[in-house]
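Hi,

Here is the model I said I would pass on. Have a look at it first, and my notes follow below.

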Amino acid sequence: MRPGAANPGAPDAKAKSFGPSLKRLLRRLAPERLYLTVIFVLAVASVVLNTLGPQILGKATNLIFDGVVGKELPAGPSKEDVVAQLRAEGNTTFADMLASMDVIPGVGVDFSAVGRVLAWVLLLYIGASLFGWLEGYLLNSVINRTVKRLRADIEEKIHRLPLSYFDQLPRGDLLSRVTNDVDNVAQTLQQTMSQLLISTLTVIGVLIMMFWISPLLALIALLTVPLAIIVTAQIAKRSKPHFVDQWKYTGKVNAQVEEAYTGHEVVTAFGRSREVGEEFDETNAKLYRASFKSQFISGLIMPAIMFLGNLNYVLIAVVGGLRVASGSLSLGEVQAFIQYSRGFTQPLTQIGSMINLLQSGVASAERIFEILDAEEQVPDPAVEDSRPVDRGHVEFDKVSFRYEPETPIIDELSLVAEPGHVVAIVGPTGAGKTTLVNLLMRFYELDAGAITIDGVDITRISRDHLRERIGMVLQDTWLFGGTIRENIAYGNTAASEEDILDAARAAFVDRFVHALPNGYDTVIDEEGSGVSAGEKQLITIARAFLAKPSILILDEATSSVDTRTELLVQHAMAALRRDRTSFVIAHRLSTIRDADQIVVMEKGRIVEIGTHEQLLLARGAYYRLYNAQFAAAITDEDVDEPDEDAVSLGKV
C-alpha cells in the first residue's frame, strides 16, 4: 500500500445499519421468486399440519382421561345423575369438571377411538415432515444458486475494478472477503432462512390455536413477548459492533499470514520472525476479543428467552389447572395449550438464536458490498475506433499522472516510439518507469494528455483489444499450477504444438526443459517449484513471445536470469522484435546497449533521449548511471570529450 493512501476496501469501524444491509442481502434472492413462493406454500402446509397435531392429540388425552374417570364411577346411573348427586353432596368442583367431560359411568377407555386419533396425528406429522423436507431441499437449492451468483458478481466486479483499488487493499483482506465472508453469508442464509420462516409461521399458527382454545391463557402467554423483543433488541444492538470487528480482524489476520508466508525467506533472512510473530499475536488477540465478545453477548439471547419461556410455562400451568378444575377447559385442551405454549416459546427462542447468526452474516455481507460498491474503472467506449493498431507506433503526448492528487508522478511527458524500435526506459527508483508502461496498458487512467497507438487514442478502443496487441513480461514471475507446456500456451490458447516449441526455443526454455523428468509435461505449482528463478522467467518470456504482440513490454524481465542466459535472451529478442515495438525497463544498463532509443527519466520527466553511445558522449544523467554501474570499466580515457553534435543528440 502506498504510504498515506486511504484504504477504500477496509470496513469502517462503525457498520452500516443492520436493516438496510439485511434487506439488500435478501434482495439478492429476487431471481428465485417462483421457487420462494413454492417454498412459502410448503412451509405453510408443514406448519399447519404440525400446529393441528397438539389439538388432535388433546382429544386422545381426553378419551383416556374420560375413560379412567368413567371406570371409577358406578355403572348404571347416567352422567347427569352422578353430577347431580355430587352437587347434592357439596362436591361442586368435581361435579363441574365431570359435567364438562364426555364420560359414561362404569365404562373405561375406548382404545379403538384412541387408536384412530393417534393414527390421524401420525399422518399429520408424516405429512408435515414431508412438506418440511421439500421446503428445506428447495430452499437449500435457492440459497446455493444465490451464493453462486454472488460469487460470480464479485468475480466480475473484481475484473472491472481499477488497479489502484488493489494497490490500496491488502491481498489477504481481499481474499478473506471473497472466501471467508462469502462462506459466512452462505452459512448464515442456509441456517437462518428456513428456521426463521418456519419459526415465524409457527408463532402465527400457534397463536391462532391458543386463542382458539382459551383467550385468557393466550393473553397470559403473550405477556412475555414484549419482554423477549426488548431483550433481543438490546443484546443484538450491543453485539453488532463486535461482529463487525470479528470479520475485520479476520481479514487482517489473513492478510498478515499471507504476507508472512509469501515473504517467509525475507522475514527469516532479516531475523524479523519475532516481530512478525508479535504483530500477528496482537491482531490475533484483537480477533479473539472481538469473537469472544460477539459470541458471548449474542449468546445471552437464548438463555434470556428460555427463562421468560419457563416463567410463561409456570403461569399457564397454574391458570390452566384452575380452569380444568372449574370445568372451563378439558385436560386435553390444557395439555394442547401447554404444548402450544412451548411451541410458541421455542420459535421465539430459535429466532433469538438466529439473530446471533444474522449479526455475523450481515457483517460479512457489508464487507462484500463494499467490494461491489467500489468505484469501477472507466468503461470501454460504446463504439470503438475501427482503425487497425498493428504497426506499433506509440506516442505519449503531454501525459500527466498522479497516484495521489498532491504528488505528481509523471508530468507533461511526451515520447514517440517508432514501429519495430526498442525503447529502453532507465532512471532511478521512483522515476516513473513502470508507471509509464502501466499507463500504456491502461492499468491506470491519465490525468491529462493522450497515448496513441498508430494514431488511435487508447481510450477509444476496448482494454481487451488493446491488451491483445501488447505482450508483457514482469520482474515478478507468475506461473499457475499446470505443465510447462500449458504455462507457455497461456499466451495464446489457439497456438499449435509447433508454435509452442518455437517460442520455447526462442526463449531458451528448450535448453533446460529436456533435463526435467517429463519435459514439457513437467507439472509445476503456482510457486514454480521444480524450476529455478531464471527458468521461471524464461517460461514467462516464452509465453509473451507466443502471444506475438505488436508491442512488447519487458519490465526488468532479465533480472532473474544469469549473465550467460541473459546474453542468449538478448540475441533471441533481437530476432523476435522485428516488426515489434519494444519497451524495456531496466536497471542493468548492460541489457539495453543495443536499444534504438534510450529514455532517461527523473521525477516523472524525460531528461535525456538518445542511443547508448550518444548518451555516454553527452555525459549527463545516463552517463552518471552507467558510470556508477561500470566505474571500473568506464574512465575518462575510454570516453572522448563530448562535442556540440553529441550534446545536441543526447540532451532534451
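Before the notes, one convention: axes are lines fitted to C-alpha atoms, for helices over the stretch in contact, and angles run from 0 to 180 degrees between N-to-C directions. "Contact" here means heavy atoms within 4.5 Å. Helices (H or I, at least four residues) and strands (E, at least two) are DSSP runs, numbered from the N terminus.

This is a predicted model, so local features need pLDDT of at least 70 and side-chain atom pairs count only at pLDDT 80 or more, while totals for chains, interfaces and linings use all residues. Residues are numbered from 1 along each chain as its sequence is written, and side-chain values use heavy atoms, with hydrogens and water left out.

First, the confidence. The mean pLDDT (the predictor's confidence in each residue, from 0 to 100) is 79 for the protein, with 86% of its residues at 70 or more. Residues 1–15 have pLDDT below 50, although the stretch has 34 contacts in the model beyond near neighbours in sequence. Residues 632–652 also stay under 50. Where pLDDT is low, the predicted coordinates should not be read in detail.

Now the overall picture. The protein has 23 helices and twelve strands. Of its 652 residues, 46% are buried (under 20% relative accessible area; exposed is over 50%, partly exposed in between; 1.4 Å probe, protein chains only). Of the contacts with a separation of 6 or more, 80% are between residues 24 or more positions apart.

On to the sheet. Six strands make an open, mixed sheet in the order β6-β9-β10-β3-β11-β12 (two strands pair if DSSP finds at least two bridges between them). β6 (470–473) and β12 (605–610) are the edge strands, each pairing on one side only. On average, neighbouring strands are turned by 20 degrees against each other, direction ignored. Within the sheet, β9 (residues 551–555) and β10 (residues 581–585) are parallel over five bridges, and I553 sits opposite F583 in β10.

Helix α14 (residues 433–440) lies across β3 (422–426), β6, β9, β10 and β11 (597–602), at about 145 degrees to β10. Helix α22 (residues 621–629) packs on the sheet too, touching β3, β11 and β12, and its direction makes about 95 degrees with that of β11.

There is other strand pairing to look at. β1 (residues 394–404) and β2 (residues 407–417) are antiparallel over seven bridges, joined by a hairpin through two residues. V399 faces L413 in β2. β1 also pairs with β4, antiparallel over five bridges, where E395 has T452 as its bridge partner.

What about the cores? A nonpolar core is a set of buried Ala, Val, Leu, Ile, Met, Phe, Trp, Tyr and Cys residues joined through side-chain atoms within 4.5 Å. The largest has 44 residues, and I484, I488, V509, I592, I598 and Y622 have the most contacts inside it. Helix α19 (residues 533–547) gives the largest share, seven residues. A second, separate core of 33 residues includes V394, I451, I551 and I585. Beyond its neighbours within four places in sequence, I592 is in contact with A424, V426, V584, A586, I598 and Y622.

Cheers
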